[in-house]
Amino acid sequence: AKFNSVKKKLDLYGINTSKLNASNLVSSIAIKAPISGYISEINILRGSYLESTRMALKIANTSQAHLEVLVLEKDAAKLKKGQDIEFVALNSPNKKYKAKINIVNKIIKDNGMVTVQANLDEEATKDLMPGMFVKAEIVLNNHEHESLPKEALIKLDNDYYALQLLSKDNDGYDFNRIKVDVNDEYNGYISVNNISASAEYLTK
């Protein structure tokens with residue numbers, strides 16, 4: 001009975017008891033991690049005693065990494081699963097990545113923010129590391145709309161105007177100032193309702 005008890009313990013440790021004998025003893029054992037990944041933190045020294053309640057190390061599994069974004073309480077109601085997120089890492093702001101919303105937390109934090117979790121695309125999963133800070137933009141509506149660069153619009157009082165090209169010749173250009181109805185702004189462009197896609201406008 002005692003032999004079987006010891007054998008079971010050794011089997012749990014990953015030791016092949018069928019190969020153990022007086023001339024083939026095991027002085028160390030390998031501890032297998034439950035997940036794959038890379039070691040992000042080590043809390044023990046070689047040869048030190050490890051208690052059963054003490055954490056030896058941390059393993060980061062980047063294949064399961066996700067994006068966590070904080071949004072204002074008033075904006076959380078506009079979000080839903082499946083919406084796209086575009087973001088940049090603060091240490092490389094010129095490269096954009098994409099993610100898709102998976103969970104919108106229903107609990108509001110003390111600071112009035114709501115946590116949103118999103119699944120990263122393949123490129124972001126490969127490039128980014130856990131703990132990095134990002135700046136994100138959530139795409140609420142995905143549709144095509146006529147737009148102009150922000151600097152192409154002139155604001156007078158509460159109205160916006162654009163300069164539409166009427167003609168051009170060797171003497172110069174002739175423009176017509178038209179009033180426009182503006183909507184949302186995104187990436188330096190403002191969507192405009194009443195402009196012609198075939199017309200040309202002064203942008204700078």
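Visitor: How many salt bridges does the structure hold?

Guide: In this predicted model, the structure holds 8 salt bridges. One of them joins the side chains of lysine 100 and aspartate 84, with 2.7 Å from N to O. Lysine 100 belongs to strand β5 (residues 92-108) and aspartate 84 to strand β4 (residues 84-89), so this pair ties together parts that are 16 residues apart in sequence.

Visitor: Are lysine 100 and aspartate 84 buried, exposed or partly exposed?

Guide: The idea is to compare the relative accessible area with two cut-offs, since under 20% counts as buried and over 50% as exposed, with partly exposed in between. Lysine 100 has a relative accessible area of 41% and is therefore partly exposed, and aspartate 84, with 32%, is partly exposed as well.

Visitor: Which residue forms a salt bridge with glutamate 86, and in which strands do the two lie?

Guide: Glutamate 86 forms a salt bridge with lysine 96, and their closest N and O atoms are 3.7 Å apart. Because glutamate 86 lies in strand β4 and lysine 96 in strand β5, the pair ties together parts that are 10 residues apart in sequence. Lysine 96 is partly exposed, with a relative accessible area of 44%.

Visitor: Where does the partner of lysine 95 lie?

Guide: Lysine 95 forms a salt bridge with glutamate 123, the closest N and O atoms being 3.2 Å apart. This pair links distant parts of the chain, for lysine 95 is in strand β5 and glutamate 123 is in helix α3 (residues 122-127), 28 residues apart. Lysine 95 counts as partly exposed at 35% relative accessibility, and glutamate 123 is partly exposed with a relative accessible area of 36%. Elsewhere, salt bridges that share partners join Lys74, Asp75 and Lys78 into one network.

Visitor: How should I read a sheet, and what is the order of the strands in the one that contains β8?

Guide: In general, strands of a sheet pair through backbone hydrogen bonds, either parallel or antiparallel. Here 3 strands form an open sheet in the order β8-β13-β12, and the pairing is antiparallel. β8 and β12 (182-186) stand at the edges with a single partner strand each, so one side of each is left without a neighbour in the sheet. Neighbouring strands of this sheet are turned by 30° against each other on average, direction ignored. Between β12 and strand β13 (residues 189-192), which run antiparallel, there are 3 bridges, and tyrosine 186 stands opposite tyrosine 189 in β13.

Visitor: Where does leucine 153 lie, and is leucine 153 buried or exposed?

Guide: Leucine 153 lies in the loop between β8 (147-149) and β9 (154-156), and with a relative accessible area of 11% leucine 153 is buried. Leaving aside residues up to four places away in sequence, leucine 153 touches Leu148, Tyr160, Tyr161, Ala162, Val180, Val182 and Ile190.

Technical notes:
Residues are numbered from 1 along each chain as its sequence is written. This is a predicted model: local features need pLDDT of at least 70, side-chain atom pairs count only at pLDDT 80 or more; totals for chains, interfaces and linings use all residues. Side-chain values use heavy atoms; hydrogens and water are left out. Helices (H or I, at least four residues) and strands (E, at least two) are DSSP runs, numbered from the N terminus. Buried means under 20% relative accessible area, exposed over 50%, partly exposed in between (1.4 Å probe, protein chains only). Contact means heavy atoms within 4.5 Å. A salt bridge is a side-chain nitrogen of Lys or Arg within 4 Å of a carboxyl oxygen of Asp or Glu. Two strands pair if DSSP finds at least two bridges between them. Axes are lines fitted to C-alpha atoms, for helices over the stretch in contact, and angles run from 0 to 180 degrees between N-to-C directions.
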